[in-house]
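Here is a friendly briefing to read alongside the structure.

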Amino acid sequence: MKNKLSAYPNFFMSSDGTIADALTCITENKHGAVIVVDDRNIVYGIVADGDVRRAMLKGATMLTPIMKLVNTNSVVLPDTINKEAEAEKIFGDHVGFNLVPVVAADNTLVDIMIRNTSKA
Amino acid sequence: MAKKQAKKKLKIAIVAGSRGEWGYYQPIIREIEKHPDLDYGIIVSNMHLLDRFGSSIDEIRREGFKIDAVVHNTLDGYSRLTMAKSLSIFMLQLPEILHGMQADFVLVGGDRGEQLIAAIVGAHLYLPVGHIQSGEVSGNIDGVTRHAITKFAHLHFAANEDAARRVKKMGEEPFRIHNVGAPQLDDLLGGKVTPKKELFKKLGIPDNGKPLIVVAQHPVTEEFERAGEQMKETLEAVKQFDANVVIVLNNSDAGSNLVTKAIHEHRTPSMRIFPNLAREDYAGLMASADVLVGNSSSGILEAPSFKLPAVNIGNRERGRLQGKNVINAGYVRKEIQNAIAKALSKEFKRSLKNCVNPYGDGKSAKRIVDIIAKTPVSETLLVKKIMY
């Protein structure tokens, strides 16, 4: 399972991180969002660039903790189902979604479904 | 005539540290605003300023209330050490703030550390101190803090007969003790409640006819190492029901990091999590929910007004006067699960048809403000005699 995640180094970040860390990841991964996990890889949610923009308009800075803006009610997929097909459906239904975390029963991140943007 | 106009209004300093007391203050401030002889200024501190707890100061500002001072006192870390040290920072700044804002009266509420600090500072400055929600029982350091505040306060606003009696037993003179009911009910019974349809849309709760379980569980200071484990038991119990679940995130007490971790580890994807909810949305949740689970005081104080069953877990709220809506449970998942099942049963719901809230009728704020306005600031008020 570990090797799957190591293929996506900039698609997830630590819940102890800041807006600066999130912007670094989002810039590197070119998918407009980053998954937030804790030290045991438990998924806390997703931060998209729009969340960062809105937080900054309200006075957040590069050093604001990411937990302030993380969307804790984001869509995730369990690793037991046909995740590729489910992810396609989610990407089809939600134009704004580019990443979907795949989680084990204990909500640890095991894989990431990524919208294929190369054709766009 | 000119002399009369020049008379200074009694300026009441209100110490706001967390969402808890803010529930009482809001209706009181509205009453103060209506009163010709009274004025107020809010001192905002502690949790209201913390990003991770939703920066509820924004809510205070949005309502247009007057903030006289802002004190960032809470150190990161959320341990016993930082909790105690954070209080010293508040104490360091408060005397000059009260002096600068020309406060004539200090109003504190509840049982949190910064409220005690404000009572200590007020009493030392020979300013009368009024204490809302005095005499209640809470099961940990908060409970000790509440009764310590009583010793520094000059006017005690108890929310029920039980609490008033306890304050009297602490040796307080009867003229200082007023049973006024719980002012946080004023707002709720006054009608500021987000309607169900709007609330479900706002919070992303599906309208699928399943029961709605609201979880609000805070760490208990004495047991903070176990806070994560306790949250896990609650969530595992909640998972046994085919229901919509909303989790309202905990406060800044020691142990809250563990609780946050446990929530994210044991949640299911469909559970909605909110770090801070506007008062009217929380009221809306209580009006729409089928059961409130956890150890939030709102299960004891406010839920009875909505005839909402509350599963009260553990020691935090033990010993407080409880309405018929409360079902007590220990920290074990099976016990919690049984309590939720009972709460969701038709028989229990039926038994709450005539549920009366022992904490009052929603007219407390006016009583409190009237008492403050008509009590002369004199030696009699300021020099305390001990009755034991």
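Two strands pair if DSSP finds at least two bridges between them. Strands (E, at least two residues) and helices (H or I, at least four residues) are DSSP runs, numbered from the N terminus. This is a predicted model, in which local features need pLDDT of at least 70 and side-chain atom pairs count only at pLDDT 80 or more, while totals for chains, interfaces and linings use all residues. Residues are numbered from 1 along each chain as its sequence is written, chains are lettered from A and ligands numbered from 1 in the order in which they are written, and side-chain values use heavy atoms, with hydrogens and water left out.

**The sheet in chain A**

- Three strands of chain A form an open sheet in the order E4-E5-E6, with mixed pairing.
- Strands E4 (77–78) and E6 (109–114) of chain A are at the edges with a single partner strand each, so one side of each has no neighbour in the sheet.
- E4(A) runs parallel to strand E5 (residues 99–103) of chain A, and 2 bridges join them; A:Pro78 has A:Val103 as its bridge partner in E5(A).
- Helix H4 (residues 83–93) of chain A packs on this sheet and touches E4, E5 and E6 of chain A. The direction of H4(A) makes about 50 degrees with that of E6(A) (axes are lines fitted to C-alpha atoms, for helices over the stretch in contact, and angles run from 0 to 180 degrees between N-to-C directions).

**The sheet in chain B**

- Chain B has an open sheet of 6 strands, ordered E10-E9-E8-E11-E12-E13, with parallel pairing.
- The twist from one strand to the next averages 20 degrees.
- Strands E8 (residues 212–216) and E11 (residues 291–294) of chain B run parallel and are joined by 4 bridges; B:Ala216 is partnered by B:Gly294 in E11(B).

**Where the chains meet**

- The contact (heavy atoms within 4.5 Å) takes 15 residues from chain A and 13 residues from chain B.
- Together the chains bury about 1300 Å², 44% of it on carbon and sulfur atoms (buried area is the accessible area, with a 1.4 Å probe, that two parts lose on being put together, summed over both).
- In chain B, the residues losing the most area to chain A are B:Lys261, B:His264 and B:Glu265, together 45% of what that side buries.
- There are 3 salt bridges between chain B and chain A (a side-chain nitrogen of Lys or Arg within 4 Å of a carboxyl oxygen of Asp or Glu).
- B:Glu265 forms a salt bridge with A:Arg40, with the closest N and O atoms 3.0 Å apart.
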